[in-house]
Amino acid sequence: MSEIGISMPNVTVRGPEAPRNLESLDPVFQVEDLSVFYGDYEAVRNVDMTIGNREITAMIGPSGCGKSTVLRCFNRMNDLIPGARAAGKITYHGEDLYGDHVDPIEVRRRIGMVFQKPNPFPKSIYDNIAYGPRVNGMKGKMDDLVEQALTQAALWDEVKDKLKQNALSLSGGQQQRLCIARAIAVKPEVILMDEPCSALDPIATTKIEDLMQELSRDYTIVIVTHNMQQAARVSDRTAFFTAEVDEAGVRHGRLVEFDETSRIFTNPADKRTEDYITGRFG
Amino acid sequence: MSAQHRATATGTGRSLARSRPRYGEQAIKVVLMLAALVSVATTVGIVFALAEPTIEFFSEVSLAQFFGSTEWGPLFKPAHFGVWPIIVATLEITLIAIIVAVPLGLAAAIYLSEYASRRVRKIFKPVLEVLAGVPTVVFGFFALTLVTPLLQDVFPWLGLEPKNALSAGLLVGVMIIPIIASMSEDAMAAVPNGLREGSFALGASKMLTSVRVVVPAAFSGIVAAIILAISRAAGETMIVAIAAGFKSVFTLDPTQEMSTMAAFIAQAGSGDASTGSIAYKTIFAVGSLLFLMTFAMNWFSARMVQKYREVYD
Ligand SMILES: Nc1ncnc2c1ncn2[C@@H]1O[C@H](COP(=O)(O)OP(=O)(O)OP(=O)(O)O)[C@@H](O)[C@H]1O
Ligand SMILES: [Mg+2]
């Protein structure tokens with residue numbers, strides 16, 4: 001399974017394996033002063049960050065600090081929640097993601113998402129992969145595409161003999177890789193992952209981390225994770241969020257620090273980041 | 001094991017044994033079981049009540065006569081027992097009703113479950129349930145006094161008879177829309193939201209998500225709704241008695257007056273067929289047949305659902 005392997009022991013920062021000049025960041029998303037509301041509740045306040053092209057950006061922080069909320073702004077998934085609203089600005093390759101002319105369906109086609117809980121459709125493995133291309137207008141057989149997506153997601157060998165079987169017969173880890181394959185099958189430009197490994201055992205987690213490394217050659221990846229080692233292992237940049245209580249006593253998610261992963265984990269600028277990473281917080 | 005032994009096992013000095021008998025629990029269990037038995041007993045009772053006169057009927061009228069002829073008139077002299085005209089009429093009116101109700105009911109369910117805001121849904125669902133509670137005699141008169149004349153005006157070339165299968169079928173369809181809509185909506189609402197999100201995240205529109213993910217995932221519930229609706233349509237009596245009439249003609253032409261199985265039962269049952277007469281036994285034979293047809297359909301569709309449903313959990 002591992003052409004790319006897990007050459008790195010334990011908590012190695014990704015840097016050495018994938019030497020990049022991170023300073024010269026080629027921005028895919030630029031987030032400026034983003035605040036997100038659920039009804040009247042301001043869940044996240046004043047976030048500024050930049051997501052670099054073909055980089056893996058990790059978002060970490062305690063539960064409820066708004067990581068998922070921010071992530072779901074990148075593909076306008078929050079549009080589907082009644083009362084949810086984003087203020088501020090997000091650009092995607094310079095284009096206002098929330099502009100009037102923007103079609104959220106096109107956005108989601110180009111910016112794929114993998115969810116925390118594996119959510120394969122109750123269809124065959126084959127149909128799960130073919131679903132995305134089909135709803136995007138592709139017709140006929142797509143055996144090659146299915147094989148390609150499953151191979152990329154390191155699942156092909158395990159399922160190639162049972163493509164007609166219901167996807168729900170797969171194990172949790174296999175289901176999650178299927179969901180990744182499903183996301184890849186529409187050939188997105190960005191893949192957003194919300195705690196993709198939280199329900200998985202260490203082996204499945206390793207497979208998915210390998211996969212992310214592999215995918216980051218072609219794709220821009222943003223991942224939310226509670227696993228600090230994972231953030232350190234796979235990401236180029238890390239955003240640390242936390243929840244702050246304002247003057248009125250209301251909790252808001254805030255971005256505390258955003259920097260190259262190596263710096264966040266070795267020499268964080270903010271005390272709160274350091275506390276969190278060393279386990280003195282949340 | 002001694003009491004002391006048990007006590008130390010729990011560590012707190014208190015035994016894990018039940019401290020006082022729970023008579024309430026027992027009583028409730030018995031009451032619930034009796035309640036369940038009532039419906040089972042009723043069904044069994046119906047089968048037996050139907051069986052005896054039906055068997056007597058077939059000792060007088062042969063199966064060949066019953067199923068081998070297309071002339072129906074058990075209440076006339078001479079009597080005819082070819083059952084096909086009322087079977088065909090029943091199926092035809094049921095088919096018209098289903099053609100009306102399935103698309104409208106499903107569309108309403110999709111709208112309510114996938115498109116409507118919570119506020120709209122809160123208003124619509126009760127309205128739908130009120131529609132389900134309208135006495136069918138009202139639909140019957142509606143068909144007879146409004147729909148038939150309207151159709152006669154708008155499509156004079158149809159040559160609609162004052163009583164006809166078409167209007168009756170349409171209104172039976174309206175009658176079963178709430179069943180399909182409401183039960184299907186429940187089934188769709190039970191589909192986990194994660195599936196919808198998964199679909200949207202791949203760039204599917206709301207419509208595609210509804211049709212290709214939500215409806216298939218709710219398939220068994222939707223089929224159950226349609227089956228129940230078909231059973232209700234096939235057994236519907238008041239609407240067809242009023243709007244389709246009692247004439248037994250062997251035809252597929254929905255513009256004509258025709259008697260369904262249920263209408264025949266109502267007609268014969270409310271007439272002066274004396275107990276033990278052949279007319280009386282015919283009621284039970286037709287009743288048994290209707291029962292069997294509904295039962296067969298239920299069984300068949302249950303198997304179909306088993307085979308094709310998409311299980312999501
Ligand atoms: N659909 C929603 N409606 C209302 N409030 C919401 C909704 N989703 C999230 N919130 C609120 O927004 C805040 C941020 O939630 P979010 O899910 O983004 O946190 P998170 O950082 O992803 O947490 P976790 O690590 O537990 O997943 C929380 O206070 C949460 O209660
Ligand atoms: Mg989250």
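In this predicted model, an oxygen atom of ligand 1 is 2.5 Å from an N or O atom in the side chain of Ser63(A). A polar backbone atom of Gly64(A) is 2.8 Å from an oxygen atom of ligand 1. A further contact involves His226(A), a polar side-chain atom of which lies 2.9 Å from an oxygen atom of the ligand. The protein covers 64% of the accessible area of ligand 1, which on its own amounts to 630 Å².

The shell around ligand 1 contains 13 residues, and those that come nearest are Ser63(A), Gly64(A), Lys67(A), Ser68(A) and Thr69(A). Two elements of chain A, β2 (41–52) and α1 (67–74), each supply at least two residues of this shell. The largest share is that of α1(A), with three residues. By class, the shell consists of five nonpolar, six polar and two charged residues.

Strand β2 of chain A also holds Asn46(A). The phi angle of Asn46(A) is near 50°, a positive value in a residue that is not glycine. Most residues other than glycine have a negative phi, and most peptide bonds are trans. Pro78(B) is located in the loop that runs between β1 (72–73) and β2 (80–81) of chain B.

Annotations from UniProt were then compared with the model. In an unreviewed entry, UniProt assigns residues 29–268 of chain A to "domain: ABC transporter". This span of chain A is 34% helix and 30% strand, and its end C-alpha atoms lie 23 Å apart. For chain B, an unreviewed UniProt entry lists residues 87–301 under "domain: ABC transmembrane type-1". Residues 87–301 of chain B are 77% helix and 0% strand, with the end C-alpha atoms 20 Å apart.

Under "transmembrane region", the UniProt record (unreviewed entry) lists residues 30–51, 83–111, 123–146, 166–191, 211–230 and 278–300 of chain B. Among them, residues 30–51 are 100% helix and 0% strand in the model, and the end C-alpha atoms of this span lie 31 Å apart. Residues 278–300 of chain B are likewise 100% helix and 0% strand, with 32 Å between the end C-alpha atoms.

The largest pocket holds about 590 Å³ of space. Its lining is made up of 19 residues, and those nearest the centre of the pocket are Leu80(A), Pro82(A), Ser113(B), Glu114(B) and Asn193(B). Two or more lining residues are given by each of the chain B helices α4 (84–115), α5 (118–133), α7 (165–189), α8 (193–200) and α9 (206–217). Of the elements, α8(B) gives the largest share of the lining, four residues. Seven residues of the pocket lining are nonpolar, five are polar and seven are charged.

With a threshold of 30 Å³ or more, the count of cavities comes to one. The volume of the largest cavity is about 40 Å³. From chain A, the residues that line the largest cavity are Gly112(A), Met113(A), Cys179(A), Arg182(A) and Ala183(A), and from chain B they are Gly198(B), Ala201(B) and Leu202(B). In chain A, β6 (111–114) and α6 (172–185) are the elements that give two or more residues to the lining of this cavity. The largest share, three residues, comes from α6(A). The cavity lining comprises five nonpolar residues, two polar residues and one charged residue.

Definitions and conventions: Residues are numbered from 1 along each chain as its sequence is written. Chains are lettered from A and ligands numbered from 1 in the order in which they are written. This is a predicted model: local features need pLDDT of at least 70, side-chain atom pairs count only at pLDDT 80 or more; totals for chains, interfaces and linings use all residues. Side-chain values use heavy atoms; hydrogens and water are left out. A residue is near a molecule or strand if one of its heavy atoms lies within 4 Å of it. A polar contact is a pair of N or O atoms within 3.5 Å; within protein, one must be able to donate a hydrogen and the other to accept it, and residues adjacent in sequence count only if both atoms are side-chain atoms. Accessible areas come from the Shrake-Rupley method with a 1.4 Å probe; for residues, only the protein chains shown count as cover. Ala, Val, Leu, Ile, Met, Phe, Trp, Tyr, Cys and Pro count as nonpolar, Asp, Glu, Lys and Arg as charged, and the others, Gly among them, as polar. UniProt positions are given in the numbering used here, feature names are shortened, and annotations may be inferred rather than shown by experiment. On a 1 Å grid over the protein atoms alone, a cavity is a set of points where a 1.4 Å probe fits but cannot get out, and a pocket is an open set with protein on both sides within 12 Å along at least five of seven lines; lining residues have an atom within 4 Å of a point. Grid points are joined across faces, edges and corners, and a volume is the space filled by probe spheres set on the points.
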